Amino acid sequence: GDGGDDDDFEPSLLRAMPGEWAFAAIGPAEALAEACESFPRGRPVKFVKKMRNAHGRWGVALETRAGCVRLCTHDPARPGKPTKLWFPLEALRALAAASKPNSRRDPESSARGDNGNGKPPVVAHVARLLSDVSLVKRLCDTLPTASPVRFVRAIGYRCGSTGALVESRGEIVKVRFEARAFFSEDEKEALSEEAVATLRKPFTTWLPVECVAIVTPWE
């Protein structure tokens, strides 16, 4: 990586986002504002109040261009309507454990190189599916506009649950939900037989970014 044009990435539903694709804005707000007002040099992004929503929360990169990332961040006050804003890379941080060795963006992690056993660390972001089933159904059936994901009942049964973020294609993310082994008596009564049978199996699905909040704990 010698700073060629490989950092620009036009989103496509047909291919994975390269490199880091989950970021959080730096804080406090003053530091975030300063980075947005200063970078990229010559054409700074400019700070707007809405950017504060991305501080202390992970967001998904929708596209990258000229040292900036368009970030989609869940807004708890408006489920299903995340904030989507451009940030300079200098205003963002990635998950330290997820940084690839030799990553240009995070010199600290490339100094560490690996996690001690010779293997690069693994991306381990956690996504929570929104809990409102009718909202999730509407989002899945209409987004992304070019090619909606389409809702299935197995998605509905996992509303409010968390899964592992496996891949991102910008507007859609792939989430893997583990099988559930245990159900309380109350849950068994509340859930249909089909729901229990479905939840006992692992399930991987594409979801519109609007449907998920990344809830990975801060390291």
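This is a predicted model: local features need pLDDT of at least 70, side-chain atom pairs count only at pLDDT 80 or more; totals for chains, interfaces and linings use all residues.
Hi everyone, contact here means heavy atoms within 4.5 Å. With that, leucine 129 touches residues including Val136, Ile155, Phe177, Leu207 and Cys211, leaving aside residues up to four places away in sequence.

Residues are numbered from 1 along each chain as its sequence is written, and side-chain values use heavy atoms, with hydrogens and water left out.

Now, which residues touch the most other members of the largest nonpolar core? They are Phe87, Leu129 and Val136, in a core of 47 residues. A nonpolar core is a set of buried Ala, Val, Leu, Ile, Met, Phe, Trp, Tyr and Cys residues joined through side-chain atoms within 4.5 Å. Buried means under 20% relative accessible area, exposed over 50%, and partly exposed in between, with a 1.4 Å probe and protein chains only.

On to charges. The structure holds 10 salt bridges, each a side-chain nitrogen of Lys or Arg within 4 Å of a carboxyl oxygen of Asp or Glu. Arginine 65 pairs with glutamate 63, their closest N and O atoms 2.9 Å apart. Arginine 65 is partly exposed because its relative accessibility is 38%, whereas glutamate 63, at 11%, is buried.

Arginine 180 and glutamate 187 also form a salt bridge, at 2.9 Å from N to O. Both ends are partly exposed: arginine 180 has a relative accessible area of 31%, and glutamate 187 has 28%. Thanks, folks!
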